[in-house]
Amino acid sequence: MKRLYNISILVLLQHARIVIELLKQDLDVFATQDSSFNAAKITELQDLLNEANQLPDKSILDEQADLTQQFLELIEDGKQHYKELFYFIRKAFNSQITIQNLLGKNTFSAAKRNQLAFIQFFKVLNDIQPNYEADLLAAGAKPALLERTTILCQKIEAISTKREIFKRERQGKTVYRVEKVNDLYVAMSNIERLALLVYQDNISKIKAYTIPRANRNKKITTTPKR
């Protein structure tokens with residue numbers, strides 16, 4: 001959804017609030033040029049303002065932060081787990097580098113630097129590990145350590161999926177809000193154009209109904225050298 005406005009949403013919302021209050025007083029004047037400007041128009045504009053003013057709920061932001069924190073903690077747990085597991089991988093297969101590599105030796109270093117790669121690393125480890133668990137147990141690994149591979153893999157996958165779903169839902173809500181702000185902007189633009197007609201000889205009124213423009217040429221002041 002493309003934005004039709006190039007100013008801050010907060011500035012546009014404040015402008016809309018002012019316009020609605022002014023229009024309540026000037027409705028008869030606008031109605032002389034456009035019969036659709038009546039009491040229902042005020043209600044319509046207020047509804048547009050309310051819909052455009054839907055800011056992200058704090059609870060939503062908190063949930064997103066919590067999901068991210070859980071995800072990062074699980075990633076760190078996974079890295080620590082593999083370090084503990086690899087002690088027994090190396091012990092059980094000391095002279096068998098091919099098996100060590102099958103169990104992640106040659107991919108762990110790169111995977112731990114990328115979240116998506118690490119998720120995939122853990123999936124592969126969880127699939128392959130059962131084939132070598134007898135040797136790992138014989139080398140002294142505790143069953144709980146081996147079981148933790150599956151537990152962490154499932155938790156990492158679950159929180160990753162939940163986090164992605166949440167992000168996409170947020171994106172959908174962002175698109176919805178842009179659409180509603182666009183609707184408000186169009187309504188304010190129509191009022192601005194009509195104000196130019198009904199207040200041709202009243203510059204102050206025209207200014208009051210004119211949407212603030214983005215300042216594209218900000219002056220940069222410098223302190224002269226002494």
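**Aromatic rings in a predicted model**

Author: Welcome! Phe 108 is buried, as is Phe 121. This is a predicted model, where local features need pLDDT of at least 70 and side-chain atom pairs count only at pLDDT 80 or more, while totals for chains, interfaces and linings use all residues. Residues are numbered from 1 along each chain as its sequence is written, and side-chain values use heavy atoms, without hydrogens and water.

Reader: What makes Phe 121 count as buried?

Author: Its relative accessibility is 7%, and buried means under 20% relative accessible area, with over 50% exposed and partly exposed in between (1.4 Å probe, protein chains only). So Phe 121 is buried.

Reader: And why is Phe 118 called buried?

Author: Phe 118 has 0% relative accessibility, so it counts as buried too.

Reader: How many aromatic pairs does the rule give?

Author: The count is 14 aromatic pairs. Why is the pair of Phe 108 and Phe 121 called tilted? Rings of Phe, Tyr and Trp (its six-membered ring) pair if their centres lie within 6.5 Å; planes under 30 degrees apart are stacked, over 60 edge-to-face, the rest tilted. Here the centres are 5.7 Å apart and the planes at 50 degrees, so the pair is tilted. Phe 108 lies in helix α5 (residues 108-111) and Phe 121 in helix α6 (residues 115-128), 13 residues apart; helices are DSSP runs (H or I, at least four residues), numbered from the N terminus.

Reader: What makes Phe 118 and Phe 121 a stacked pair?

Author: Their centres are 5.8 Å apart with 20 degrees between the planes, hence stacked.

Definitions and conventions:
Helix = DSSP H or I, 4+ residues; strand = E, 2+ residues; numbered from the N terminus.
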